Protein chains: 2
Amino acid sequence: MSKPQVLFIGEPNRDLPEFHEFSAQFECIHYKITSKETLLEDLQGKLSKVVAIYGSWLGFHPVGGLTEDIVQALPDSLKLVTSCSVGLDGWGSEQLAKRGIKLYNCPSLGAEQVADLVLYHTLQSFRYFKVFEDNFRESGHTVKTRSLLQSASLDKQTGKVVLNSTDSSDYAFGHRLGDSLPILTPFGKNAVVVGFGSIGSRIAKRLHAIGMNISYVKRTRLSSEQEAQLLFPVKYYASLKEAAPVADLVVLSLPGTSETENLYNKEIIDLVPHRSRVINVGRGTIVNEDDLLAGLRSGKLSFAGLDVYAKEPAVSRELIERQDVILTPHIGSSTVENFNDTSIFCLRNIQDVILYGKEGLSRVN
Amino acid sequence: MSKPQVLFIGEPNRDLPEFHEFSAQFECIHYKITSKETLLEDLQGKLSKVVAIYGSWLGFHPVGGLTEDIVQALPDSLKLVTSCSVGLDGWGSEQLAKRGIKLYNCPSLGAEQVADLVLYHTLQSFRYFKVFEDNFRESGHTVKTRSLLQSASLDKQTGKVVLNSTDSSDYAFGHRLGDSLPILTPFGKNAVVVGFGSIGSRIAKRLHAIGMNISYVKRTRLSSEQEAQLLFPVKYYASLKEAAPVADLVVLSLPGTSETENLYNKEIIDLVPHRSRVINVGRGTIVNEDDLLAGLRSGKLSFAGLDVYAKEPAVSRELIERQDVILTPHIGSSTVENFNDTSIFCLRNIQDVILYGKEGLSRVN
């Protein structure tokens, strides 16, 4: 008997023992989408016997997602589609269901990693390590850099550090970027974590470890037992608006939905304390980038740390130019461990359904 | 009665309420050292009635420290010298004692801050956020950057990322810098913290919070009660040499003494696991920088995070050029809070001794 065929859209880690096992059980077809036309043709031709589709993070996005016409062209042999993503946009959940094809997502297996990224942005938001390092790589002299930056100023309009003096002979401790921007410890400052699932609670654990006071915003408050299990005190707010006045730092860890769109905007920025900071690791749509930039220009905000962007995969030129902003290219959970764990999870969904006749681990439609 | 005179070598924060109180009690002479000759003259002249000296971090270093000739020139009225530093080098401890002048240091009030710096370097050591950001600021495109870096390589010899392809159209998850350098989570990896006082234990707390297994090296093992009070498991090693074979990460948090000089050297680097990382926030002399560079060039080490340098205040050009090294300009504890707390501590030493006839808080000679 020939082995059942599985279509791979995007690469798993082929070195994994789990993949070797899988390859012995299935015929793996590694396919690269070039155009929708070719894809539709191939689904009726050389891909017409596949029983499962393994979709990497990008999935069918290059051809606009699993749209109605593609779903209709999927072969009758197809039992399931399993995606590496948590989010369901672009995976044609309902259309697949209508055709009796099961869709599986992958729960965030990278929560620890995303929380580490937030911690990184948080440390930057108080200590401005990158500004110090960039100058230090030019000056090659510890005291010179501290001295130059202590007499410098941060131009709020552009977000750029302007060196005001070439005299770097004075000793400086390194606790200021000019007169207007103090370097502070996060210890004792207030963090408001918006979204408090597996990622949010791990973010809170880390921010607590560096001495921050933790508040969280979530539609439904945790039970007192759940709060106690965190092992550190937290304060609950029903909305970001209510929490904003205490937020030395706002961390956005939310999915991109119509409810979260534009959540961090001028109204919130007007409410936060002077020199507040914001970090977004959810979706780019959550932050109104125009309002964010206005907040930085006015000095109301002293820092933004972004891993996701309004017009992703592009990022606005104005953000790129600023030194009071830290930008990472949507790599919150990007580690080898997470990549592999996610691959293995998807392979198991396929084995579970096709080989063992079970329901799979994470069906969503 | 005229107020007792206090000589300030280096600036306190004059806006502090504690300084206002102090100014009402003492005549504060803010003095800038220009040359040893002038200083010696002034100590016999306009500074000849000072009862205390407040010395900032730099202190008398510009004229070679509180050398024998300066100590001899200090006025008979002088009762104490209080320094913002922890370390005693350059403060003429013994010579001052012979003249009956008390010397006070300042215990590290910035332990939390130094531990935050270590956490920052640790996150960089596993995730290479700076490499991603630097490329991202050029490409302006999240997927392009991840794709370019995934097909790139890190030249071990120079420590520079070499882009191998201009084709950035393929999706990439961002979990590799080329084939040879995986982006890993610190979760579950082993950290060896060398030096385990107030700073070391705070470092350990943070590294535990990001999921690392903690080992520590200290001359004397903590009591089992002290270990239990940490609230996370630790493993003790009597020497770095014994701990090295398990060290995915070595953190050096030690004073610069003859015992710690050259502690992290070729012998240790030969013992650590492949792709081990090292962070030094103690003193530059602890790391043999030639051996460190050789370790990076050979690929045995995958990262170094440095806040202190062998030839400080200068840093070697070769380190500056490398992207597998993160360099901060000795700003481990540089925050406004620490600057102020240290100032206040020194002012209290002076008040304690001069106004209240007590022993002061931290006499060292």
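**Reading a helix pair and a two-fold in a predicted model**

Me: How is a pair of packed helices described, and at what angle do the axes of helix α8 of chain A and helix α8 of chain B cross?

Reply: Two packed helices are described by the angle between their axes and the distance between the axes. In this predicted model, the axes of α8 (residues 198-209) of chain A and α8 (residues 198-209) of chain B cross at roughly 175° and come within 9 Å. Angles over 145 degrees count as roughly antiparallel, and α8(A) and α8(B) are therefore roughly antiparallel to each other.

Me: Which residues make the contact?

Reply: K205(A), R206(A) and A209(A) from α8(A), with K205(B), R206(B) and A209(B) from α8(B). By type, the residues of this contact are 2 nonpolar, no polar and 4 charged.

Me: Which residues have the most contacts inside the largest nonpolar core?

Reply: L207(A) and L207(B), in a core of 90 residues. Among the residues that L207(B) touches are L119(B), V193(B), I214(B) and V251(B).

Me: And how many residues of helix α6 of chain B are buried?

Reply: 8 of the 11 in α6(B) (residues 129-139), so this helix is largely enclosed by the rest of the structure. The buried ones include F129(B), F132(B) and F136(B), along with the charged K130(B), E133(B) and R137(B). Just after α6(B), G140(B) takes a positive phi of about 65°.

Methods:
Residues numbered from 1 in each chain as written. Chains lettered and ligands numbered in written order. Predicted model: local features only at pLDDT ≥ 70, side-chain atom pairs only at ≥ 80, totals over all residues. Heavy atoms only, no water. Core = buried A, V, L, I, M, F, W, Y, C linked by side-chain atoms within 4.5 Å. Buried < 20%, exposed > 50% of the residue type's maximum accessible area, 1.4 Å probe, protein only. Contact = heavy atoms within 4.5 Å. Axes fitted to C-alpha atoms, helices over the stretch in contact; angles between N-to-C directions. Helix = DSSP H or I, 4+ residues; strand = E, 2+ residues; numbered from the N terminus. Parallel < 35°, antiparallel > 145°, perpendicular 65-115°, else oblique. Lists of a residue's contacts leave out its neighbours within four places in sequence.
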